[in-house]
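Biologist: Hi! I'm new to this one, could you walk me through it?
Modeller: Happy to, let's bring it up.

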Amino acid sequence: MSNCDSCPSKGNCSSEGSSTCSKLVTKYGKVKHIIGVISGKGGVGKSTVTGILAVQLKNAGYKVGVLDGDITGPSMPRFFGINNERAEILQMGDTEEVKFNPVETSLGIKVISLNLLTEQEEQPVIWRGPVITGVLTQMYTDTDWGDLDYLLIDMPPGTGDVALTIMQSIPVESMVVVSTPQDMVSMIVKKVVIMAEKLNVKILGVVENMAYIKCNKCGDRIRVFSKKSAEEQAKYLNLPLLSEMPINLDLVENMEKGKAEEYVKSNGEYNELIENFKKLS
Ligand code: ADP
């Protein structure tokens, strides 16, 4: 798919169809790179990895935004500790057009999520796929992103119509795949990998989350779910290994206190992800 397909400047741009365009233009913003974070299965850490990557990119000096595309289970506001804040919804003149002002985290990452647009975060979404897709696309086009180097999308789970439509309608440059070391999970994640390949979306690599726990006394890595190495799991998916992440209760505790940004920023354990991300992108 061409990056121009969903650009509002399509039909009115001199570099259309060429690879010279370095900025994807939304209604109220310019984005250099859109990266999707995806996994075929819920609960493997897709949102957590999106948050960690966003913090690391911000820490490396980039302007970063996060679009919480997991409409039925939005969890990015909690990761960033901004779940009690609300994104501003502005009506544009007398038209039906709206503009969403994203919430900025303490590090300055711009976040939009359905949970920042609804009155209460517990309100469920009881919508069918096409409505969810429409809302998600609107959150991408109608948010005032300003000038971003990276927009990370916490992708809708699974290989259903929502994930499929987003891959086709938002110009995602590449994907980071998240998995856990369990054969059943890898098999489901592989479906997403094959789906992305069929849609010609580049995959940078896989993050093996919850791969091990670290012994407090001796520092040994104990693999909890599988004796297979992360490399073996990555080989099965036919993807480079971006990072192997431990089950980390300190991370969870900091997330619960809304302090995940500071924790990730100061924890060298997560540097492998940004180093490999930069190498492969
Ligand atoms: P997904 O987006 O794939 O549904 P989440 O990122 O929301 O998954 O993670 C699911 C749950 O697992 C959350 O409660 C999260 O805090 C926890 N979790 C994710 N990764 C880790 C990790 N490395 N260590 C400990 N808990 C984790």
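Modeller: One term to begin with: buried means under 20% relative accessible area, exposed over 50%, and partly exposed in between, with a 1.4 Å probe and protein chains only. Also, this is a predicted model, where local features need pLDDT of at least 70, side-chain atom pairs count only at pLDDT 80 or more, and totals for chains, interfaces and linings use all residues. Residues are numbered from 1 along each chain as its sequence is written, and side-chain values use heavy atoms, with hydrogens and water left out.

Biologist: Thanks! So is Met 210 buried, exposed or partly exposed?
Modeller: Met 210 has a relative accessible area of 25%, so it counts as partly exposed. It sits in the loop between β10 and β11 (212–214). Helices (H or I, at least four residues) and strands (E, at least two) are DSSP runs, numbered from the N terminus.

Biologist: What about the phi of Met 210?
Modeller: Its phi is positive, about 55°, although Met 210 is not a glycine. Asn 200 is not a glycine either, and has a positive phi of about 60°. You'll find Asn 200 in the loop between α6 (183–198) and β10 (202–208). It counts as exposed because its relative accessibility is 66%.

Biologist: Let's switch to pockets. What is the volume of the largest pocket?
Modeller: About 430 Å³. A pocket is found on a 1 Å grid over the protein atoms alone: it is an open set of points where a 1.4 Å probe fits, with protein on both sides within 12 Å along at least five of seven lines, and lining residues have an atom within 4 Å of a point. Grid points are joined across faces, edges and corners, and the volume is the space filled by probe spheres set on the points.

Biologist: Which residues are closest to the centre of that pocket?
Modeller: Of the 24 lining residues, the closest to the centre are Gly 45, Thr 48, Asn 209, Met 210 and Met 255. The elements that give two or more residues to the lining are α1 (46–59), α2 (76–80) and α8 (249–256).

Biologist: How many of the lining residues are nonpolar, polar and charged?
Modeller: There are 12 nonpolar, 8 polar and 4 charged residues. Here Ala, Val, Leu, Ile, Met, Phe, Trp, Tyr, Cys and Pro count as nonpolar, Asp, Glu, Lys and Arg as charged, and the others, Gly among them, as polar.

Biologist: And the ligand? Which residues are closest to it?
Modeller: The closest are Gly 43, Lys 46, Ser 47, Thr 48 and Asn 248, out of 15 residues that surround the ligand (each with a heavy atom within 4 Å of it).

Biologist: What does Ser 47 do there, in terms of distance to the ligand?
Modeller: A polar side-chain atom of Ser 47 lies 2.8 Å from an oxygen atom of the ligand. On the backbone side, a polar atom of Pro 246 is 2.9 Å from a ligand nitrogen, and a polar backbone atom of Asn 248 is 2.9 Å from a ligand nitrogen too.

Biologist: Which side chain makes a polar contact with Ser 47?
Modeller: That of Asp 154, at 2.7 Å. A polar contact is a pair of N or O atoms within 3.5 Å; within protein, one must be able to donate a hydrogen and the other to accept it, and residues adjacent in sequence count only if both atoms are side-chain atoms.

Biologist: Where is Asp 154?
Modeller: In strand β8. At 0% relative accessibility, Asp 154 counts as buried. Not counting residues up to four places away in sequence, it touches several residues (heavy atoms within 4.5 Å), including Lys 46, Ser 47, Thr 50 and Asp 70. Its C-alpha atom is 8.9 Å from that of Pro 74, 80 residues away along the chain.

Biologist: Last stop, the end of the chain. Which residues of α10 are buried?
Modeller: Leu 273, Ile 274, Asn 276 and Phe 277. They pack against β2 (29–38), α1, β8 (146–154), β9 (174–179), β10 and β13 (241–244).
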